[in-house]
Amino acid sequence: MSDLDPVKAESRIFPPPAAFAADATISGMDAYYALCAEAEQDYEGFWARLARENLHWYKPFSTTLDETQAPLYKWFEDGLLNVSYNCLDVNLQKGLGDKVALVFEADGGEVTKVSYTELHQKVCQFANGLKSLGVGKGDRVVIYMPMSVEGVVAMQACARIGATHSVVFGGFSAKSLQERIVDVGAVMVITADQQVRGGKHLPLKAIVDEALALGDCQKVRNVVVYQRTGGEVTMAGGRDRWMHDLVAGQSAVCEPEWVSAEHPLFILYTSGSTGKPKGVQHSSGGYLLWAMLTMKWTFDIKPNDVFWCTADIGWVTGHTYITYGPLAVGATEIVFEGIPTYPNAGRFWDMIQKHKATIFYTAPTAIRSLIKAADGDATIHPNKYDLSSLRLLGSVGEPINPEAWMWYYKNIGGEKCPVVDTFWQTETGGHMMTPLPGATPLVPGSCTLALPGIMAAIVDETGHDLPNGQGGILVVKRPWPSMIRTIWGDDERFKKSYFPEEFGGKVYLAGDGAIRNKDTGYFTITGRIDDVLNVSGHRMGTMEIESALVAHPMVAEAAVVGKPDETTGESICAFVVLKRSRPTGDEAKQIATELRNWVAKEIGPIAKPKEIRFGDNLPKTRSGKIMRRLLRVLAKGEEITQDISTLENPAILEQLKQAL
Ligand code: ATP
Ligand code: MG
């Protein structure tokens with residue numbers, strides 16, 4: 001792909017702090033290599049051992065991996081277990097009943113703490129409530145809720161009775177919600193009267209009503225409503241129930257439904273960065289195993305940790321690293337409602353200080369916006385807060401630009417916390433490539449190496465292995481327990497999307513481009529496969545040009561796309577957000593020239609954007625990812641006809657239409 005090796009260009013290397021390494025679950029690279037070797041020598045034996053050691057099985061499995069219908073792989077299929085039992089009852093048996101499971105902070109700052117005993121009770125009562133409405137094993141339940149204790153309870157309660165949940169992020173419109181309700185064939189929707197974001201009350205129940213009125217939702221028998229604000233809602237007689245009424249008088253004991261390890265725990269739609277979202281179906285056993293292992297390996301979770309993942313439960317990160325992973329390992333975790341910029345852009349730092357968070361996990365989009373905010377307002381700069389409780393930082397969702405990484409490392413981690421840049425996808429269920437904080441020397445902008453048991457590789461368009469130093473297509477060569485099982489209701493699309501025939505039909509295609517360093521073998525994600533640029537025969541990832549732009553002191557964010565060009569095949573068009581306000585006229589032209597020269601100096605003249613446009617923001621998915629596919633259309637000067645259901649800020653498209 002690229003001739004340039006981002007790791008080589010990056011001379012900063014940060015070995016794990018000695019004190020961290022000494023105490024880490026995986027301590028030192030030898031320990032990492034030993035696990036990798038175990039997986040290579042006896043792949044199934046490796047996973048079987050981990051599944052036996054980490055999960056509680058009601059009935060043990062006898063077969064580890066069934067490949068007879070590949071790529072419809074099955075893991076631990078004849079084993080029976082319950083995910084909620086593994087997250088709650090197991091911890092009570094370990095004597096953790098009084099330990100705080102959730103520290104919930106609402107948008108207005110009110111804090112609620114819930115112990116493992118209390119969480120267990122709430123989940124059982126709600127599970128019994130669901131059963132009283134006839135919901136059972138195999139039913140699909142859509143959850144459209146704000147960040148709340150009740151949201152986690154709803155997911156866990158579904159798991160307890162074997163119902164498959166499909167969480168829809170609370171920012172989606174009625175139309176997007178209806179499409180998902182119809183696609184999964186939901187029998188119930190769980191929602192709230194309203195949600196609170198940045199001091200504003202926004203409707204949820206009213207949107208559910210609107211979605212159901214759009215049609216084709218006959219299967220939905222009930223809507224259960226959590227009362228968040230007390231705002232006015234219409235309750236349809238017979239169909240709609242308040243959550244508090246439903247749980248009133250329910251027993252706090254609910255026998256778990258023992259299900260096959262392959263039973264679908266949830267279906268979750270992808271972000272829509274590259275196209276129409278896909279309903280990704282996950283398993284129970286294999287999924288939970290990886291959620292637990294990555295909590296232990298990547299996050300090095302310890303009994304006294306206060307873990308904080310800032311994701312929403314509407315995204316896979318919220319599933320694996322809020323609802324399931326932290327609870328399955330008996331951790332204390334913070335859950336927050338609201339936005340990072342309310343009451344001011346110091347909210348995250350304030351919450352870390354107040355709750356003494358030890359592990360903090362967020363997205364590059366949040367980091368970039370908070371850098372911009374801190375630059376503009378010294379009173380909410382992280383150096384105004386006591387962040388000394390932190391011992392580990394994480395990043396997820398997009399490639400993190402080296403400059404943003406450095407800011408995070410210095411200003412939030414005080415140069416003493418390892419940063420784990422975790423590469424993974426809705427489809428992978430949990431981390432795939434990430435540094436191990438007590439082992440891996442860190443390089444800003446690199447997700448470093450694959451976790452033990454994950455057979456990641458880089459291949460060319462025909463599926464042949466590429467040597468280190470040569471960019472190509474990221475694949476995973478062997479199935480792993482937490483992988484996507486299928487696209488809900490569409491095995492054919494599943495096979496085509498992830499196991500294409502060109503690669504032999506048995507290799508998982510991630511859809512991202514990557515390069516491995518010649519010496520270290522470290523991976524760097526270079527962008528989506530579709531985003532690879534070809535300028536006069538030079539293949540480049542979008543990521544390195546974007547990172548060069550972001551390294552300029554004036555730039556807050558940048559997205560780069562290719563545009564057909566008669567002479568060079570493709571030319572580079574960059575969309576840039578400055579830390580200051582959006583420039584126009586001659587000033588814009590002048591800054592554009594400076595940025596073009598800057599990129600030429602940082603990477604080389606070939607990477608110089610032919611065109612630069614400035615915006616107040618970039619088009620982003622509701623999970624905060626840049627939608628380059630829309631920018632490609634804008635760069636060409638064409639009208640957008642693609643699916644924009646997951647676009648957060650449609651108004652920005654108008655601004656970015658015009659060339660300077
Ligand atoms: P869709 O599949 O609908 O186009 P999406 O790929 O954005 O949307 P997600 O599953 O939420 O949906 O995101 C996974 C993608 O996010 C990865 O394929 C990768 O492009 C990007 N990503 C996530 N974490 C990282 C990371 N640490 N470094 C680089 N890229 C990352
Ligand atoms: Mg994807």
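The model is predicted, so local features need pLDDT of at least 70 and side-chain atom pairs count only at pLDDT 80 or more, while totals for chains, interfaces and linings use all residues. Residues are numbered from 1 along each chain as its sequence is written, chains are lettered from A and ligands numbered from 1 in the order in which they are written, and side-chain values use heavy atoms, with hydrogens and water left out.

**Around ligand 1**

Taken alone, ligand 1 exposes 630 Å², and the protein buries 95% of that (Shrake-Rupley method, 1.4 Å probe). Two elements, β20 (419–422) and β25 (523–528), each give two or more residues to the shell; strands here are DSSP runs of E with at least two residues, and helices are runs of H or I with at least four, numbered from the N terminus. The shell holds 21 residues, of which Gly-272, Ser-273, Thr-274, Thr-426 and Asp-512 come nearest (a residue is near if one of its heavy atoms lies within 4 Å). By class, the shell has four nonpolar, ten polar and seven charged residues, with Gly counted as polar.

**An open sheet**

β25 also belongs to an open, antiparallel sheet of four strands, ordered β21-β22-β24-β25; strands pair if DSSP finds at least two bridges between them. Because β21 (456–459) and β25 are at the edges with a single partner strand each, one side of each has no neighbour in the sheet. β21 pairs with β22 (residues 472–476) over four bridges, and Ala-457 has Val-475 as its bridge partner in β22.

**Annotations**

An unreviewed UniProt entry places "domain: Acetyl-coenzyme A synthetase N-terminal" at residues 32–87; UniProt annotations may be inferred rather than shown by experiment. Over that stretch the chain is 48% helix and 11% strand, with the end C-alpha atoms 26 Å apart. The UniProt annotation "binding site", also from an unreviewed entry, covers Arg-197, Gly-198, Gly-199, Lys-200, Thr-317 and Ser-536. These span 340 residues in sequence and their farthest two C-alpha atoms are 50.9 Å apart, so they do not all gather at one spot. Arg-197 lies in strand β9 (residues 194–197).
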